[in-house]
Amino acid sequence: MKTLIINGSPRKCGETISLINKLTEQLNGEYKIINAYYSNISACVDCRYCWSNDGCAINDEMAGVYDYIEDCDNVVIASPIYFSQPTGKLLDVCSRFQTYFAAKHFRNKVPLTKAKKGAVILVGGGDGNPQKAYDTLSVILSHINVTNIYSLVGSFNTNELPATEDNEVIKEIKNIANFLTEELQRII
Ligand SMILES: Cc1cc2nc3c(=O)[nH]c(=O)nc-3n(C[C@H](O)[C@H](O)[C@H](O)COP(=O)(O)O)c2cc1C
């Protein structure tokens with residue numbers, strides 16, 4: 001089982017990474033973590049290269065993500081919410097999935113034939129509504145053929161309680177790990 005994890009937090013020892021660590025401790029198979037703030041991945045500039053060509057005109061670390069995403073089984077996006085939305089750098093990385101949208105709509109190709117499972121893990125300090133961020137990230141996941149997305153999981157009072165001490169979220173992280181593994185175990 002292969003899982004791509006995209007981390008939208010700039011804080012190297014923050015809440016998001018602490019929940020990602022909880023997940024990877026319980027995840028079968030291999031995983032690849034992309035750190036939106038520390039990867040050499042720039043935003044899509046709508047140059048429209050992908051309207052008529054495979055891939056992307058920008059040559060950066062996204063190439064490795066495109067390779068991995070081809071045959072991975074799961075995609076998990078984890079992020080703090082900023083103004084109730086995913087962070088800007090996370091959206092920069094995700095904007096590079098535009099090539100898959102272009103494949104379908106302009107090049108009449110079926111990108112990413114393998115259907116995937118996914119999850120969204122969010123954290124917030126305490127004064128925002130995470131639903132908008134979840135909805136945005138669910139749309140993004142659907143563009144990369146994630147057809148089965150786990151319900152919103154997160155810790156939304158991190159100003160008062162670190163995410164790793166939020167028992168409810170820790171339970172849900174375990175449920176995500178089970179959800180991502182379930183069907184594959186049945187097949188094997
Ligand atoms: C620019 C900015 C905007 C934020 N907006 C929100 C918000 O709308 N709602 C909220 O609950 N927390 C908000 N926060 C707080 C972070 O989501 C919170 O501190 C989170 O736990 C940080 O996660 P991290 O440690 O993984 O980076 C914001 C923080 C920053 C820096």
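Q: Why is Ala163 called buried in this predicted model?
A: Ala163 has 25 C-beta neighbours inside 10 Å. A residue is buried if 20 or more other C-beta atoms, placed from the backbone, lie within 10 Å of its own, exposed if 12 or fewer, and partly exposed in between. Ala163 therefore counts as buried. Residues are numbered from 1 along each chain as its sequence is written. As the model is predicted, local features need pLDDT of at least 70, side-chain atom pairs count only at pLDDT 80 or more, and totals for chains, interfaces and linings use all residues.

Q: What does Ala163 touch, not counting residues up to four places away in sequence?
A: Ala163 touches Glu15, Ser18, Leu19, Val123, Ser155, Thr158 and Val169, where contact requires C-beta atoms, placed from the backbone, within 7 Å.

Q: What puts the buried residues of helix 5 on the same side?
A: The buried residues are Ala133, Tyr134, Leu137, Ile140 and Leu141. They cover an arc (of the directions from the helix axis to the C-beta atoms) of only 125°, and therefore lie on the same side of helix 5. On the other side, Gln131, Val139 and Ser142 are exposed.

Note on methods: Contact = placed C-beta atoms within 7 Å. Helix = DSSP H or I, 4+ residues; strand = E, 2+ residues; numbered from the N terminus.
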